[in-house]
Amino acid sequence: MAHDPRDLDDAFLAFWRERHIATLTTVRPDGSPHVVPVGVTYQPETGVARVISSRTSRKVRNVLAAGEAGMRVAVCQVDRARWSTLEGVAVVRDAPEAVADAERRYAERYREPRVNPDRVVIEITVDRVLGRA
């Protein structure tokens, strides 16, 4: 079921604040999907989802390989009959303020992330929302 990303109801937004592990799907250079479990945060006011990661991870390398325009990706979380997928264009940010903001948001939803001097953030500008929450 598709939803307007600018008009999500309270139950749907609450689902994205609850502690759930999600999956992030990127595309490898050979065109095959790369799907990995991640923690993700969603900021509905700006339509941005964030995944923190090490800059050497396959998911980060996949997004970087797409160039400045970014890569189309999807993050999905499931809890029994409730599910949601956020789709959009991802870019990698390494500015200290962007990483710190993503770490703070991650800590609010999950727990304080471990120290990682190689951390970057995958920022996804969400333009499509699917699900049943």
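Predicted model: local features only at pLDDT ≥ 70, side-chain atom pairs only at ≥ 80, totals over all residues.
Modeller: In the hairpin of E2 and E3, Gly31 takes a positive phi near 90°.

Biologist: How many residues sit between the strands in that hairpin?

Modeller: There are 5 residues between E2 and E3.

Biologist: And in which sense do E2 and E3 pair, over how many bridges?

Modeller: Strand E2, residues 22-27, pairs with E3 in the antiparallel sense, over 6 bridges. Within that pair, Leu24 stands opposite Val36 in E3.

Biologist: Which face of E3 is Val36 on, covered or uncovered?

Modeller: The covered one, along with His34 and Val38. Pro33, Val35 and Pro37 make up the uncovered face. In a regular strand, side chains alternate between the two faces of the sheet.

Biologist: Which residues line the largest pocket?

Modeller: Among them are Leu13, Trp16, Arg17, Tyr42, Arg105, Glu108 and Arg109. The lining divides into 4 nonpolar, 2 polar and 5 charged residues.

Biologist: What about the second largest pocket, how much space lies there?

Modeller: About 160 Å³. Its lining splits into 3 nonpolar, 3 polar and 3 charged residues.

Biologist: Where does the largest share of that lining come from?

Modeller: From strand E5, residues 48-54, with 3 residues. The lining of the second largest pocket includes Ile52, Ser53 and Ser54, as well as Tyr106, Arg111 and Arg119.

Terms used:
Residues numbered from 1 in each chain as written. Heavy atoms only, no water. 1 Å grid on protein atoms, 1.4 Å probe; cavity = no way out; pocket = protein on both sides within 12 Å on 5 of 7 lines; lining within 4 Å. Nonpolar A, V, L, I, M, F, W, Y, C, P; charged D, E, K, R; others polar. Points joined across faces, edges and corners; volume = space filled by probe spheres on them. Helix = DSSP H or I, 4+ residues; strand = E, 2+ residues; numbered from the N terminus. Buried < 20%, exposed > 50% of the residue type's maximum accessible area, 1.4 Å probe, protein only. Pairing = 2+ DSSP bridges.
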